Amino acid sequence: MKTVLSGIRPTGNLHLGNYYGAMVNFLRMQEENQCYFFIADWHSLTTHPDPRLLHVNVRNILSEYLACGLDPEKATLYIQSDVPEIAELYLLLNMHAYLGELEKTVSFKEKARQNPGNVNAGLLTYPVLMAADILIHNADYVPVGKDQEQHLEMTRNYANRFNHKYQVDYFKLPTAYSSGQELIKIPGLDGSGKMGKSEGNCIYLVDEPKAIEKKVKSALTDNGPEAPNTPKPVCIENLFTLLKIVSAPDVVAYYDNLWVSGATKWYGNLKKQLAEDIINVTTPVRERINDLKNDDAYLRKVTRNGAEKARESAGKTLREVREIMGFKSF
Ligand code: TRP
């Protein structure tokens, strides 16, 4: 069985793009692999979150993960800061992480440019902490998006460097998880190709029906087909893509025929239908999220069990790493 690991920073909420993309993948992975899913609260510290919000954010994302179907009986679900072994491995790996390569990391350069007043050492060594997250469980696969590929490559470098330096074949070289199936890409409501939190075009799982109606209503459209049988522009194609995901096939066919016929003045109806069907999908999830958020006893149980399982695996790795590096107790 392969070990798969994924981390998420506790910033923002899950949106439809996450729900039909990464989440679908996670649910499949937890059936077939040894999975570690964790909330990277240490990573979120680079931007100094308000202490009053840190815990709330962790609680939110944990409730969302659980509501989407991540199963603490199947996968190990934990909070990064509950596993101090990660911090120690981070310290040890830092000795093998060179300033020159850290400074060249694309994500670092971007953040440093966007926020020149806050170029802290945690930001610089962000990829080392991520490597510690992954190597602490000696993971085989990490499902990563494009923006995290370089970090994964750096993880392989550190693993490889460690193995070389100490003449061992200890760390595996983790690779990007590919499900073999194309991930569904959820388009944005603004005519852009992708729903994403930095694009500000998202429908969140926790959005109330009224908010969803409003967002869908204001989605970008054109003036309608100019003639029968013309190709759809991107903004209209996007609405149809969403419709195909949340609505019944006959509904999609109905609106598709309207487009093909060249008729106009039906976008309002389409949007009403789309909003209704999105609300039907998200309502049970939103209700589960809100129930979980307030279920202290359950969240405590999940995080304690998760931390315990994670620390068992992390502790084993750390003991072996210490020994390889020459630490010995008296
Ligand atoms: N850096 C990742 C992100 O911003 C979050 C993360 C932290 C992560 N540690 C990880 C992802 C380990 C995968 C594996 O999205």
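At what angle do helix α12 and helix α13 pack, and how far apart are their axes? I found an angle of about 165 degrees, with the axes 11 Å apart, for α12 (residues 249-261) and α13 (residues 267-293). That makes α12 roughly antiparallel to α13 (the word applies to angles over 145 degrees). Axes are lines fitted to C-alpha atoms over the stretch in contact, and angles run from 0 to 180 degrees between N-to-C directions. Helices are DSSP runs of H or I, at least four residues, numbered from the N terminus.

Basis, for the record: this is a predicted model, where local features need pLDDT of at least 70, side-chain atom pairs count only at pLDDT 80 or more, and totals for chains, interfaces and linings use all residues. Residues are numbered from 1 along each chain as its sequence is written, and side-chain values use heavy atoms, with hydrogens and water left out.

Next I listed who touches whom. From α12 I noted V251, Y255 and W259, and from α13 Y267, N269, L270 and Q273 (contact means heavy atoms within 4.5 Å).

Then I turned to the domains. The assignment, automatic or from a database, gives domain 1 (3-184 + 296-325) and domain 2 (209-290). I read 36 Å between their C-alpha centres. Each side brings residues to the contact: eight from domain 1 and eight from domain 2.

Last, the area. The two domains bury about 710 Å² between them, 78% of it on carbon and sulfur atoms (accessible area, 1.4 Å probe, lost on being put together, summed over both). On the domain 1 side, L16, Y20 and A67 supply 62% of the area buried against domain 2, more than any other three residues.

Definitions and conventions: Helices (H or I, at least four residues) and strands (E, at least two) are DSSP runs, numbered from the N terminus. Angles under 35 degrees count as roughly parallel, over 145 as roughly antiparallel, 65 to 115 as roughly perpendicular and the rest as oblique.
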